[in-house]
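I opened this notebook to record what I looked up in one structure.

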Amino acid sequence: MIAPNQMWTLIMELAFCAGVVVMISRARSGQKVPAIRKVSGLEALDEAIGRATELGRPVHFSPGIGDFQNAQTLASFAILGYVARMCAKYDTRIITTNRNPVVYSVTEEIVHQAFVAEGRSESFIPDDVRYLSDDQFAYASGVLGIISREHVATSVMMGAFWAESLIFAEAGALSGAIQIAGTANTHQIPFFVAACDYALIGEELYAASAYLSKDPVLIGNLVGQDFGKMFAAIIIIIGTIMATMGNDSLSTLLKQ
């Protein structure tokens with residue numbers, strides 16, 4: 001039984017799901033779907049890793065300080081997999097730092113599998129996937145020490161960050177590292193934009209797996225969601241204009 005005043009909510013949810021399914025089906029069948037726009041931060045990953053390779057210095061990756069249930073942490077895994085594969089391909093050392101013990105176990109396996117996939121399992125160094133501390137600023141201190149001692153050439157920070165974001169970015173800038181960062185925490189985005197070479201803003205972090213893999217199914221899913229968001233934005237704009245003109249019929253309809 002449908003709850004009172006939820007009929008239009010149900011209809012819009014079903015329409016949204018149908019749009020996503022249609023786009024995924026089109027992608028699977030090889031039909032054309034809209035392309036994802038260029039994301040500068042992700043485009044720069046290869047260049048940044050290449051620079052570290054040329055200098056013979058390591059790449060640092062931080063998945064943020066969120067736990068395993070944080071969507072941003074899950075999104076960071078896809079980027080870590082790509083970065084680790086590129087490092088394995090170029091035989092470049094990658095140091096991954098973790099605050100959460102569960103996330104640490106996952107990142108260790110991601111990096112290991114990336115080296116195995118590139119046929120360089122012997123180059124994988126387990127000690128370079130490091131659990132530092134579950135305390136926010138103890139973890140931050142550990143990362144600062146690693147960036148300084150290891151002379152990191154590239155620092156990639158993707159995930160959920162809070163007060164430590166600018167601390168990391170300043171340390172990387174002082175060491176001369178190329179920095180690519182991304183977070184959906186809006187209160188930390190300005191610090192990454194100001195102190196890093198490239199920054200992924202908001203939902204660009206979640207779109208990374210589709211962008212990097214070029215998987216048509218993931219792209220279809222992303223495009224379907226974006227169409228749903230655009231439709232919702234149009235409804236909001238139309239409703240606002242109608243309400244401003246004293247016509248609340250759309251609002252009344254959506255409440256039914």
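**Entry 1: salt bridges.** I took a salt bridge to be a side-chain nitrogen of Lys or Arg within 4 Å of a carboxyl oxygen of Asp or Glu. With that criterion, I searched the whole structure and found seven salt bridges. I note that this is a predicted model, in which local features need pLDDT of at least 70, side-chain atom pairs count only at pLDDT 80 or more, and totals for chains, interfaces and linings use all residues. Residues are numbered from 1 along each chain as its sequence is written, and side-chain values use heavy atoms, with hydrogens and water left out.

**Entry 2: Arg130.** I looked up the partners of Arg130. Asp128 forms a salt bridge with Arg130, with 3.3 Å between the closest N and O atoms. Glu150 also meets Arg130 in a salt bridge, at 3.5 Å from N to O. Glu150 sits in the loop between helix 6 (136–149) and strand 4 (154–160), and Arg130 in strand 3 (residues 129–131), so this pair ties together parts 20 residues apart in sequence. Helices (H or I, at least four residues) and strands (E, at least two) are DSSP runs, numbered from the N terminus.

I then checked burial, where buried means under 20% relative accessible area, exposed over 50%, and partly exposed in between (1.4 Å probe, protein chains only). Arg130 counts as buried because its relative accessible area is 19%. Asp128 is buried as well.

**Entry 3: Glu203 and Lys229.** I recorded a salt bridge between the side chains of Glu203 and Lys229, at 2.5 Å from N to O. The pair links distant parts of the chain, 26 residues apart: Glu203 is in the loop between strand 6 (198–201) and helix 9 (208–213), and Lys229 is in helix 10 (residues 216–244). Glu203 is partly exposed, at 48% relative accessibility. Lys229 is likewise partly exposed, at 36%. Returning to shared partners, I found that salt bridges join Arg93, Asp128, Arg130 and Glu150 into one network.

**Entry 4: Glu54.** I located Glu54 in helix 3 (residues 45–55). Its relative accessibility is 71%, so Glu54 counts as exposed. Glu54 and Ala194 are 140 residues apart in sequence and 26 Å apart in space, C-alpha to C-alpha.

**Entry 5: whole chain.** I counted eleven helices and six strands in the protein chain. Its C-alpha atoms fill a box of roughly 65 × 40 × 35 Å along the principal axes. Of the 256 residues, 41% are buried.
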